[in-house]
Amino acid sequence: MADKRDYYEVLGVSKGASDADIKKAYRNLAKKYHPDMNPGNAEAEAKFKEANEAYEVLSDPDKKAKYDQFGHAAFDPAAGAGGGYGGFGGFDVDLGDIFGSFFGGGFGGSSKQRRNGPIKGEDIEVDITISFEEAVFGCKKDINFTRQCKCSACKGTGAESGAAETCPTCRGTGQVRRVQNLGGMQFQSTATCDTCRGTGKYIKNPCKTCRGSGLEREYKKITVNVPAGIDNGKGLVVRGEGNEGRNGGPSGDVFVMVNVRRSSTFTRQGYNLYCDVPVTIVEATLGAEIEIPTLEGREKYTIPEATQYGSTFTLKGRGVPMVNSKGRGDLIFKVIVEVPKGLSEKQRELLYKFAEECGENNYTKKGKFFKKK
């Protein structure tokens, strides 16, 4: 017994650890070193056995109390401590039960239900690109994609004759039991049947069309309704048009990812639209009726006198329609005052005179008809 490690050390917990901490520590080790996860790894098998041995003692209040008092000698018949557990010789553990309770059935019988029960088909993702206007007002788009469906030749059975046989290895259960002897301990585990791969069915003569898979590819074209107001990067879901399910399971869905081209006029933020509107110095100074671009076309808008560069104005309810709603965002435009170029001499003279009236004299060039006083 001198070469045995302390059971608390084996599980990596302190002597005062709670039952929940002991169980959690064992669960992590059992999952990590399980033989099925480490085939042919002698070191992993040894650690798995050691963890099982430690947990079998520390999870039992009576055994734990004796171990805390006498250590390993409590279970060594030769030590006279009356343990009588003999190093777990012949201890029969059903790994399917252990892992079924610890990991939600991942190693137990529920896998049969998953294999043989209805399985939903996989989803398909399709990308489409639409114009800015199509996104704003909505549209219909045709999409083309390839999906998996039941083989038309064998009706999805995968067998040439149209019907699969019951697997002779697992007798239709989809699982087989394995018995392993590790260091004097006997372990039973449940594994997926290699013959039928867990389906419980055996295909003696595979279908020539689908090569036994029960599925074939088909090209499909469907029309999707793109709602008004959809934004770039958003998605649509078309239910039941994805890959066909197995064992009576429903078909998957088609996820349509929408890419929207940029507008040359508007910038979108949520349901609001933004744009820049150029005006002349005179229009900004004296006020004017200018044209504003909108989704429905250009319309008149009067800006007030002394409108400054960068001033913003809002047209309520003239933005993007809200998806599945009657509401709309706003249109916000910013005034950009443009400085005139290529002035005539007369225009320059007028500006010089205007500058003189304003008391400005820091301009660099003097007009032909105006002298600075």
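## Overall build

How many helices and strands are there in the chain? The count is nine helices and 16 strands. Keep in mind that this is a predicted model.

The chain runs to 373 residues, and 36% of them are buried. As for how the chain folds back on itself, take the contacts between residues at least 6 apart in sequence: 61% of these join residues at least 24 apart.

## The largest pocket

Let's turn to the pockets. The largest one has a volume of about 800 Å³. Its lining is made up of 24 residues, and the ones closest to the centre are G156, T157, T199, R246 and N247. Two elements give two or more residues each to this lining, namely helix α6 (110–116) and strand β7 (201–202).

What sort of residues line the largest pocket? They split into six nonpolar, 12 polar and six charged.

## The second largest pocket

The second largest pocket holds about 430 Å³ of space. Here 13 residues form the lining, with I281, V282, P340, L351 and F354 lying nearest the centre. The elements that supply two or more lining residues are α8 (281–286) and α9 (345–357).

Which element gives the most to the lining of this second largest pocket? That would be α8, with four residues. Sorted by type, the lining of the second largest pocket has 10 nonpolar residues, two polar and one charged.

## Aromatic pairs

Searching the whole structure turns up seven aromatic pairs. One of them is F132 with F266. Their ring centres sit 6.5 Å apart and their planes meet at 20°, so this pair counts as stacked, the cut-off for stacking being under 30 degrees.

Where do the two partners sit in the chain? F132 belongs to helix α7 (residues 132–137), while F266 is in the loop between β10 (254–260) and β11 (267–269). The pair therefore ties together parts that are 134 residues apart in sequence.

Elsewhere, ring pairs link Y7, Y8 and Y67 into a cluster.

## Cysteines

Now for the cysteines. A disulfide is a covalent bond between the sulfur atoms of two cysteines. How many disulfides does the model contain? The count comes to zero.

Take C149 as an example: its nearest cysteine sulfur belongs to C151 and is 8.3 Å away, and C149 is in no disulfide. Because a disulfide needs the two sulfur atoms within 2.5 Å, that distance rules the pair out.

## Around R5

One last stop is R5, which lies in the segment before α1 (7–11).

Which residues does R5 touch, leaving aside its neighbours within four places in sequence? R5 is in contact with V10, E50 and H72. R5 and A54 are 49 residues apart in sequence, and their C-alpha atoms are 9.3 Å apart in space.

Note on methods: Residues are numbered from 1 along each chain as its sequence is written. This is a predicted model: local features need pLDDT of at least 70, side-chain atom pairs count only at pLDDT 80 or more; totals for chains, interfaces and linings use all residues. Side-chain values use heavy atoms; hydrogens and water are left out. On a 1 Å grid over the protein atoms alone, a cavity is a set of points where a 1.4 Å probe fits but cannot get out, and a pocket is an open set with protein on both sides within 12 Å along at least five of seven lines; lining residues have an atom within 4 Å of a point. Grid points are joined across faces, edges and corners, and a volume is the space filled by probe spheres set on the points. Ala, Val, Leu, Ile, Met, Phe, Trp, Tyr, Cys and Pro count as nonpolar, Asp, Glu, Lys and Arg as charged, and the others, Gly among them, as polar. Rings of Phe, Tyr and Trp (its six-membered ring) pair if their centres lie within 6.5 Å; planes under 30 degrees apart count as stacked, over 60 as edge-to-face and the rest as tilted. Buried means under 20% relative accessible area, exposed over 50%, partly exposed in between (1.4 Å probe, protein chains only). Contact means heavy atoms within 4.5 Å.
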